[in-house]
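Let's sit down with a model and talk through how to read its side chains.

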Amino acid sequence: MKKASLPFKQIASILFFSLILPNNLVFSQEQTAVVSDIEKRIAQINDQITRLKARLNEEEKRESSLISTLEKIRLNKKVLQNEIESLNLRRSLVLKQLNDLKVKIRDLKITLEKEQEAVEKTLVTLYRYGRLDFMHFFLKASSLETFLRESKNLTFLARYQGEAINNYLNTLSQLQALEKELQMKMSEAELLLQQATQNRERLNEEERKNKKLLEEIKRNKSTYQKMMVELQESSEQLRQLLRRLQSQEIALPSPFIPLNERKGKLPWPLEGKIITRFGPERHPRFNTVTINNGIEIAPSRDKVVRAVHGGRVVFADYFQGYGNLIIVDHGLSYYTLYGHLSSFQVKVGDLVQAGQPIGQAGDSDSIKGESLYFEIRHKSRAVDPLQWLRRR
């Protein structure tokens with residue numbers, strides 16, 4: 001009686017996946033480098049978030065004031081912006097991993113489909129040799145390798161098929177793990193998207209709070225005057241800081257060009273429009289007068305702030321009323337000050353050259369939006385920067 005061939009197709013359909021794992025499942029060096037760069041950027045952002053939260057904690061301990069309220073809003077905004085960037089980077093990494101998983105699963109199926117015919121032919125051959133009992137095969141499918149090794153009269157094909165089935169079982173296990181990981185990554189990507197969306201809503205709320213407070217300062221005379229009093233107090237604290245800095249001896253490379261020899265020839269610290277000038281400024285609505293010790297420049301395009309002359313950084317930190325502030329000592333009791341920065345590119349003790357990037361223009365403690373606050377001081381006395389910067 002002729003044996004039916006149907007069981008062979010059933011067996012072949014079970015063996016759906018490849019006997020050999022595709023080589024492209026291994027990350028290429030280029031892919032690994034991209035992932036590494038993203039992970040490094042995430043780590044950097046998380047470090048920034050930690051520092052910002054520490055600053056926010058310090059600000060919470062300060063006596064409540066308009067300046068501190070603005071600074072807390074700014075810090076909250078910065079934290080949220082960094083968290084959103086971190087979440088987006090993490091999501092891009094997860095989406096990349098998702099795509100890689102899909103490619104792996106697709107390639108597994110394609111390769112294994114190509115092997116299906118060969119597996120079927122091998123099983124048919126073994127069946128014809130009378131070396132396989134199909135009932136025994138189905139009962140022992142999970143330990144077919146042992147079954148085949150224990151048979152004494154098997155051909156080379158039987159031994160080969162034992163190895164193939166073992167490879168199949170391993171591959172099947174890997175596929176199941178990949179599909180499980182795929183589901184986990186899809187859930188993770190969705191969660192990251194939800195968190196980023198929530199943070200954007202919180203950021204919008206902080207933006208509204210900031211706008212509302214700035215409008216109140218501009219519209220309400222008493223609030224505006226209170227802000228000016230606070231800024232005057234900060235100005236006095238800055239003058240005291242500069243006096244302390246004068247008592248500290250610094251070493252500058254020799255020979256160096258004194259700042260006073262460059263009067264009227266200094267490069268601009270930032271390209272942009274002057275929005276606050278040095279000296280007395282009368283408020284157009286309240287008819288009050290404030291004294292400005294420096295100028296404010298709104299960036300045109302490039303936000304990079306550059307040193308106007310060679311010197312040594314003697315202060316690079318937050319200073320209430322001026323935001324993130326850098327002070328450069330140019331020798332002979334001449335100093336330049338750069339305030340409202342969003343970030344620093346130098347630290348205390350660094351030597352800087354004229355034109356060297358030292359930070360980015362920002363809105364820290366600014367009531368006029370994103371800008372650079374720039375001062376030149378001789379000893380503790382402020383001088384008009386426009387008389388020192390070259391004409392443009």
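This is a predicted model: local features need pLDDT of at least 70, side-chain atom pairs count only at pLDDT 80 or more; totals for chains, interfaces and linings use all residues.

Q: Is L241 buried or exposed?
A: Buried means under 20% relative accessible area, exposed over 50%, partly exposed in between (1.4 Å probe, protein chains only). L241 has 8%, so it counts as buried.

Q: Which residues does L241 touch, leaving out those up to four places away in sequence?
A: Contact means heavy atoms within 4.5 Å. By that rule L241 touches F315, F319 and I327.

Q: How do I read a pair of aromatic rings?
A: You describe it by the distance of the centres and the angle of the planes. Rings of Phe, Tyr and Trp (its six-membered ring) pair if their centres lie within 6.5 Å; planes under 30 degrees apart are stacked, over 60 edge-to-face, the rest tilted. Here the count is six aromatic pairs. Y334 and W388 make a tilted one, 5.7 Å centre to centre with 55° between the planes. Both Y334 and W388 are buried. Ring pairs also link F315, F319, Y322 and Y373 into a cluster.

Q: Where does the charged end of R55 sit?
A: A charge sits over a ring if NZ of Lys or CZ of Arg is within 6 Å of the ring centre and within 35 degrees of the ring normal. The charged end of R55 is over the ring of Y318, 3.8 Å from its centre; that of R392 is over the ring of W268, at 3.6 Å from its centre.

Note on methods. Residues are numbered from 1 along each chain as its sequence is written. Side-chain values use heavy atoms; hydrogens and water are left out.
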